[in-house]
Amino acid sequence: MAHASGTLGFERKTATLSAGAMDYYVAGDGEPIVFLHGTGGLRWTRPLQMLSEKFRVHLPIYPGFDGSAPSDKIDSMPALASLIADFIGKEIGTGCDVIGLSFGGWTACWLAANHPEMVELLVLEAPAGFRPGGKGGLQRDPDGMQRMLFTHPENRLPEDDRTFEETLANYDAGQRFHGGIALDEDLVAKLADIRSSTLLLYGTAEIGIPPETVHILKENLPKCDVIYVYDAAHQMQVDQPERYFNVVSDYLERGEAFIVRRSELAEAS
Amino acid sequence: MRFNLFHLMPWDSFPERDDVWPVNNSDFEPKKGHELYQTYIDTLIYGEECGWDAIGCNEHHFSPYGLMNNCNLIGSILAHRTERVKITMFGNLVPLLNPIRVAEEYAMLDVISGGRLMTGFMRGIPHEYIAYNLPPDESRARLNEATQLIKKAWTEPAPFGWEGEHYQFRAVSIWPRPYQQPHPPIMMSGSNENSARYAARNGAMLGMVFIPNLEKGRQIIEAYIDEARKCGWEPGPQHILCGFHTCIAETDEKAQEALGSAVKYFTKTLLGVQRNAQQIVLQKTKYYRSQSNSDFFLHRLAHARERTIEDAVHDGTILCGKPETVVKQIKRIASELGCGWINTNIKIGNLPNDMVTRGMELFRDYVAPEVRDLQKSPETAPPDLGPVREPEPELAQKIAVAGE
């Protein structure tokens, strides 16, 4: 298994699911949340660690990613979403808040659409799958990838030691599920059915996911708050860990009420 | 050539004395203030009748130097009382203000004026940061972020939130949206090469309210054009505005004498009281990222009052004289700078208001007809370049050094 040398206190486990085994990491106490990683694989970031200080954070590794064995049974986005639903049912036992980054956001939308009972609040970070005309997209050269992913690569943790080649291998693993399509029209047609309140995060320096993604989701999701994270590219957890954490943790704690600013006085009491 | 009418709205009878900034306001007389506002607003509105293409507002705080601490308030009057001219803003001092408020008020002005607004995204002169108690070191970062946020507030088709370094808003959806789409043209200050390059990267017009000399002005414009080309767009004369003190009279002698006296009041009395505050800010903060820019500003501040009208005429940094003389001066500026806009500051210090009005009429009757066709260019705004990734500080420093 190719992954970081450190895991920020997360414990590695294996879930036995209907479609086979799936590895995952877990840490923290509190309300359970599931974070679905991007097509580059699981990156260790400060916000994951910070979230684990408030919530019980689950980080499943999709079949075929980060050196894990692919599954013949999981060959589409809806199938991957069903696998995650099975994971939530078996390991958590009840619906929970779900965060999805990029490819993980795409998966999370399928999960919320097809398994609404498994998703309470939904957080999408620059979700893939909504790129009309193929705008944006992955960069497959080292410089282009760096530019697409980060405005502040210097913020990467030592634990986030993924190589360029490992990232490319994960990109290729993702192809099995989505077949390289840029705009998932079947999913767009289902967005209006998603019941979960949704927080959509998008970096102001994002170039991999086009701005049209925001507009498609905002137009079609019944309950969607959009937050632009200033000076962040695709990996906003790396570029702006505090900003990301402030918004996400507040949203997970207060839901739609997060638009109302809390006074410092109230927080102190 | 297009012309903008600029007016600082100065207090025109401040006593000459050693004072420090912020200026003690016990000298402000409300009744006189009321009369000044009436006169000054009428003067700006008269600019439409006298053939100006635009009339402009600006923003300064805590000083008799200018009574326009909120340019949008004056702008709304001008928008309502005029029909043709553009309303130009040499404020708002965006880093000092709530950017959502700026987005809203600019959108209101654009709609009220029927799409005649040219917005300013200004950083302000250094001492303004004391007035609103904000660190001057943050001015550039605040301007960067606020600019993106305001553009987003203007253009985003649905409610959104913003999580930034200096600004956080969870739910934004301004009413009204701007009249001009995708948004009104933006002008940014170009007091040096760095800021000119910044304006180009942001797809903004270059606004140089005052230029120290034609050579320096040309260098700044060249930096602007160079940077715009690197960003994939080509500025035209219509994107470049250069500003000059302007005094037109029946004879050269009369104009020079009047302007000489007014400039003396302006530089010694009005500018003098804020000089110490500007020096403190420049010496104690990183308002300018490059030391050379800071030194240049301080030098200009220290030597402003030493320059004579003759020096300024020679340097091409004022428009002063009888109409024929001013026509020649404008032709020289057009030829040497290639700008398509000239910003005429027609109320310098305590220049008598009747002389200002007479100068405007001379401009209408004898100057404008001779220079109108210079630097003809289409009325197009710069392209919308989207979010800007500013260079890393080290790179910005290299650019600053190379540019100077």
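The buried residues of helix H1(B) are covered by, among others, strand S1 (2–7), strand S2 (54–57), helix H2 (71–81), strand S11 (341–347) and helix H13 (353–371) of chain B, where contact means C-beta atoms, placed from the backbone, within 7 Å. This is a predicted model, in which local features need pLDDT of at least 70 and side-chain atom pairs count only at pLDDT 80 or more, while totals for chains, interfaces and linings use all residues. Residues are numbered from 1 along each chain as its sequence is written, and chains are lettered from A and ligands numbered from 1 in the order in which they are written.

Helices (H or I, at least four residues) and strands (E, at least two) are DSSP runs numbered from the N terminus. Helix H1 of chain B, residues 30–49, spans 29 Å from its first C-alpha to its last, close to the 28 Å expected at 1.5 Å times one less than its number of residues. Tyr40(B), Thr43(B), Leu44(B) and Gly47(B) are its buried residues, a residue being buried with 20 or more other C-beta atoms within 10 Å of its own, exposed with 12 or fewer, and partly exposed in between, with C-beta atoms placed from the backbone. On the other side of H1(B), Lys31(B), His34(B), Glu35(B), Gln38(B) and Asp42(B) are exposed.

Strand S5 of chain B, residues 160–163, is joined by three bridges to strand S8 (residues 224–229) of chain A, and the two run parallel; strands pair if DSSP finds at least two bridges between them. Ile227(A) stands opposite Gly161(B). Three bridges also join S5(B), running antiparallel, to S6(B), where Phe169(B) partners Trp162(B).

Conventions:
Two residues are in contact if their C-beta atoms, placed from the backbone, lie within 7 Å.
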